Amino acid sequence: MLPYRYAQLDFVADVLERVPEIEKHFDMPYQDDVGLHIVFPALARLIRASAKEQNSDVLERAFGLVNEAIERDDADPEIENAAQISFLEPSDVTLLRDWGAWRQLSPKLKRYAKGEYF
């Protein structure tokens with residue numbers, strides 16, 4: 001049994017199920033053993049594209065999933081670590097604000113996007 005009830009593979013499975021649009025944003029063909037540091041950059045590319053297209057449905061699902069995952073008490077801490085390191089960047093802040101997507105981020109994700117990790 002894994003030490004965390006919500007493991008990395010659970011998160012990846014949730015992303016693929018709830019935000020299937022991510023698949024076209026992977027840098028390489030999808031493989032079953034794709035890790036968090038592959039999924040989060042792909043999510044970031046999907047979010048940037050969806051924000052430009054003003055696709056609020058995809059933005060709500062993607063941000064909702066990440067917001068939920070990093071707030072879970074039973075989640076593998078590597079999920080939150082990957083959200084800090086491999087997801088949004090400080091350069092995304094202005095773009096997300098301009099596109100109206102900033103309001104969909106939790107306070108914690110807003111801090112991470114600004115580069116404030118602790």
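1. A word on ring pairs comes first: the rings of Phe, Tyr and Trp (for Trp, the six-membered ring) are taken to pair if their centres lie within 6.5 Å, and a pair counts as stacked when the planes are under 30 degrees apart, as edge-to-face when they are over 60, and as tilted otherwise. Counted by this rule, there are three aromatic pairs. One of them is formed by F11 and F40, whose ring centres are 5.1 Å apart and whose planes stand at 15°, so this pair is stacked. Because F11 belongs to helix α1 and F40 to helix α2, the pair ties together parts that are 29 residues apart in sequence.

2. The model is a predicted one, and its confidence should be kept in view while the contacts are read. The mean pLDDT of the protein is 89, with 92% of its residues at 70 or more. Confidence is highest in helix α3 (residues 56–71), where the mean is 95, and lowest in helix α5 (residues 90–98), where the mean is 87. Where pLDDT is low, the predicted coordinates should not be read in detail.

3. The contact of α1 with α2 may be taken next. The axes of helix α1 (residues 8–18) and helix α2 (residues 36–52) come within 10 Å and cross at roughly 30°, and the two helices are therefore roughly parallel to each other. Their crossing is left-handed. On the α1 side Q8, F11, V12 and V15 take part, and they meet L36, V39, F40 and L43 of α2. By class, the residues of this contact comprise seven nonpolar and one polar, with no charged residue.

4. For α2 and α3, the axes lie 9 Å apart and the packing angle is about 150°, so that these helices are roughly antiparallel to each other. The crossing of α2 and α3 is left-handed. F40, L43, L46, I47, S50 and A51 in α2 are in contact with V58, L59, A62, F63 and V66 in α3. The contact of α2 with α3 is made up of 10 nonpolar residues and one polar residue, with no charged residue.

5. The remaining point concerns α1 and α3, which pack at an angle of about 160° with their axes 10 Å apart; they are therefore roughly antiparallel to each other. The crossing of α1 and α3 is right-handed. Here F11, D14, V15 and R18 of α1 meet R61, G64, L65, V66, E68 and A69 of α3. How do the residues of the contact of α1 with α3 divide into nonpolar, polar and charged? Five are nonpolar, one is polar and four are charged.

Methods: Residues numbered from 1 in each chain as written. Predicted model: local features only at pLDDT ≥ 70, side-chain atom pairs only at ≥ 80, totals over all residues. Heavy atoms only, no water. Axes fitted to C-alpha atoms, helices over the stretch in contact; angles between N-to-C directions. Helix = DSSP H or I, 4+ residues; strand = E, 2+ residues; numbered from the N terminus. Parallel < 35°, antiparallel > 145°, perpendicular 65-115°, else oblique. Left-handed = near helix turned anticlockwise from the far one by under 90°. Contact = heavy atoms within 4.5 Å. Nonpolar A, V, L, I, M, F, W, Y, C, P; charged D, E, K, R; others polar. pLDDT = per-residue confidence, 0-100.
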